[in-house]
Structures are given as C-alpha cells and as structure tokens.
Amino acid sequence: MSCRNCSQPQVLCSSEQLFLQPLWDRVRSWEAFILSPFFPVIFSITTYVGFCLPFVVLDVLCSWMPALRRYKIHPDFSPSARQLLPCLGQTLYQHVMFVFPVTLLYWARSLALLPHEAPELLLLLYHVLLCLLLFDTEFFVWHLLHHKVPWLYRTFHKVHHQNPSSFALATQYMSVWELFSLGVFDMVNVTLLGCHPLTALTFHVLNIWLSVEDHSGYNFPWSTHRLVPFGWYGGVAHHDLHHSHFNCNFAPYFTHWDKILGTLRPASVPV
C-alpha cells in the first residue's frame with residue numbers, strides 16, 4: 001500500500017509509519033505555527049505548566065483530603081503561594097526574556113519544512129530512549145560538576161536548591177544558565193541522532209513530564225520508578241534525597257551513573 005503523504009509516492013510506507021501517519025498528519029496541519037518562532041516557547045510553557053497544575057491541585061486538596069498525604073514524600077509539607085508564585089513567575093520571565101530571543105535567532109536562520117511522512121514507531125521509541133540516556137549522562141556530568149566546584153554551585157546551581165522540599169513548580173526554578181544548559185542538551189541530542197520532528201516532540205514532552213514528576217513530591221503506585229524494573233530508574237524519592245543531602249543521586253532519571261561512581265543513595269519508600 002502506498003502512502004499518499006510520502007515525499008516519493010513510489011516508496012512503500014511501512015506499517016509502523018502508517019500507524020503514526022494519522023497523528024503526524026494532524027500535527028502537520030499546524031505546520032505554520034510549529035515552524036514559527038513562537039511555538040517552542042508556547043509549547044514549553046504550556047506543557048510544563050500543564051504537567052505542574054495537577055500536583056498544585058493535589059497540594060491544595062491535601063488540606064481537605066488527608067488520605068492524599070500517604071502519597072507525599074513529606075506529608076506535612078505543602079508549598080505556599082509565596083513559594084509557588086515566584087517559581088511560576090521566574091519560569092515565564094526567563095522564557096519570554098531569554099528563550100524567545102534565542103528561538104527567534106534560530107528561526108531566522110532555519111528554512112526547514114516538516115517532512116510529509118511519519119517516523120516508524122520502533123525508530124521513534126529507540127530514538128526517544130537514546131535521547132533520555134544521553135540527556136541523563138550529560139546532566140549527570142553537568143550536575144556533579146556544579147556540586148563539586150563551589151564557584152559553579154554558588155553562581156549557577158544554588159538557585160535550584162533554595163526550596164529544600166521539592167514541589168512541581170520548583171522544577172524549573174533555576175538560573176538562566178541552568179535553563180539554557182538543559183535546553184542545549186535537549187536540542188543537541190535530537191539533532192545528533194537526526195530525530196524526526198515527531199520524535200523530538202515526544203522526547204521533549206516525556207523529558208518535561210519526568211522532570212516534573214521527580215520534583216512533584218508525590219510517590220504514587222503508578223510513578224515511573226515503579227514501572228521500570230530492577231531499580232534502573234530513581235524516581236521522586238530518589239531525587240528528593242539529593243535535595244536534602246546534596247552529595248548523592250546526581251543523575252536526573254536513571255541510576256547507573258550514580259552506581260558506577262559511588263554516589264547512589266537508595267531511597268526507602270513504601271511499596
């Protein structure tokens with residue numbers, strides 16, 4: 001069966017491409033917006049805030065529904081408006097004042113169009129996993145250096161540790177340097193691997209979700225670390241130990257680098 005959206009009609013599309021083609025056609029209907037300089041900033045902010053809001057609501061509900069506290073890493077802690085608003089304000093300010101101008105410069109140099117065909121499903125999953133592993137490695141090295149070198153910690157990373165008990169909106173409470181560093185890791189990885197735009201979007205969404213989940217303060221039965229076997233993935237309690245002890249669990253997601261370098265501190269959480 002030939003695919004009408006393929007750039008070369010004589011080439012047959014695989015069943016994996018056909019599986020994702022309707023989704024990609026729907027995404028491509030927004031091509032003018034996606035290729036505009038506004039899309040990266042709006043996409044990043046809306047995805048991030050959208051993932052944070054459920055946890056903000058849960059923090060509010062904990063006052064009336066004490067049963068929710070059994071899932072909190074720190075049952076007696078709920079972020080106040082004085083903690084939430086500065087975090088949200090800083091995220092919006094940095095994206096508008098710093099991220100958008102950089103995006104505008106990149107857009108002015110880029111003439112790329114979206115491909116007509118969707119990626120193969122297995123290739124998408126493979127590239128997303130590789131991007132996560134690369135990001136985990138890059139962030140681990142970056143993070144370890146910013147804790148081991150006092151000047152780097154004081155100048156750039158200390159901002160992120162101003163909230164000892166983490167909560168969702170504190171995920172991106174960080175210096176501009178840190179925000180740009182993580183953004184560069186994101187973009188370099190998808191570029192080096194030659195990822196399809198749909199793969200890049202999938203990775204960005206997953207990366208934002210995992211970072212928010214790790215800072216959410218909630219340890220649910222369906223949390224990611226419970227779904228990944230053999231303790232390969234750290235999770236929210238794992239990352240919370242980093243915020244409380246500073247000298248362990250430097251990798252954002254997986255545990256192998258901390259195990260190899262002896263900086264892993266296992267988190268004891270209820271099953």
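How much accessible surface does the protein have, and what share of it belongs to carbon and sulfur atoms? I looked this up first in what is a predicted model, and I noted about 14700 Å² of accessible surface, with 71% of it belonging to carbon and sulfur atoms.

**Overall form**

I then turned to the dimensions, and along the principal axes the C-alpha atoms fill a box of roughly 60 × 45 × 40 Å. I compared the radius of gyration, 20 Å, with the value near 18 Å that a compact globule of 271 residues would have, and I wrote down that the two agree. Of the 271 residues, 47% are buried. Among contacts with a separation of 6 or more, I found that 70% join residues 24 or more positions apart. I also looked up the charges, and the mean position of the 14 positive ones lies 9 Å from the mean position of the 15 negative ones.

**Secondary structure and annotations**

I counted 11 helices and zero strands, so written along the sequence the pattern is α-α-α-α-α-α-α-α-α-α-α. I checked residues 38-62 against the model and found 92% helix and 0% strand, with the end C-alpha atoms 36 Å apart. For residues 121-145 I found 100% helix and 0% strand, and the end C-alpha atoms again lie 36 Å apart.

The unreviewed UniProt entry also carries the annotation "domain: Fatty acid hydroxylase", covering residues 128-263. Over that stretch I noted 62% helix and 0% strand, with 26 Å between the end C-alpha atoms.

**Helix 10**

Is helix 10 largely enclosed or largely open? I went through its 10 residues, 236-245, and eight of them are buried, which means that this helix is largely enclosed by the rest of the structure. The buried residues I listed are Val236, Ala237, His238, His239, Asp240, Leu241, His242 and His243. I followed their packing and found that they lie against helix 5 (121-148), helix 6 (150-157), helix 8, helix 9 (224-227) and helix 11 (256-261). After helix 10 comes Phe246, for which I noted a positive phi, near 70°.

**Pro197**

I next looked at Pro197, which is found in helix 8, residues 197-215. Leaving out residues up to four places away in sequence, Pro197 touches Trp24, Leu114 and Pro115. I also took the C-alpha to C-alpha distance from Pro197 to Pro119, which is 8.7 Å in space although the two are 78 residues apart in sequence.

**Phe39**

Is Phe39 buried or exposed? I located Phe39 in helix 3, residues 39-61, and its relative accessible area of 14% is under the 20% limit, so Phe39 counts as buried. Setting aside neighbours within four places in sequence, I found Phe39 in contact with Phe33, Ile34 and Leu201. For Phe39 and His127, which are 88 residues apart in sequence, I noted a C-alpha to C-alpha distance of 22 Å.

Definitions and conventions. Residues are numbered from 1 along each chain as its sequence is written. This is a predicted model: local features need pLDDT of at least 70, side-chain atom pairs count only at pLDDT 80 or more; totals for chains, interfaces and linings use all residues. Side-chain values use heavy atoms; hydrogens and water are left out. Helices (H or I, at least four residues) and strands (E, at least two) are DSSP runs, numbered from the N terminus. The radius of gyration is taken over C-alpha atoms; the globule rule is 2.2 Å times the number of residues to the power 0.38. Buried means under 20% relative accessible area, exposed over 50%, partly exposed in between (1.4 Å probe, protein chains only). Contact means heavy atoms within 4.5 Å. Accessible areas come from the Shrake-Rupley method with a 1.4 Å probe; for residues, only the protein chains shown count as cover. Lys and Arg count as positive and Asp and Glu as negative; His and the chain ends are not counted. The place of a charge is taken as NZ of Lys, CZ of Arg, CG of Asp or CD of Glu. UniProt positions are given in the numbering used here, feature names are shortened, and annotations may be inferred rather than shown by experiment.
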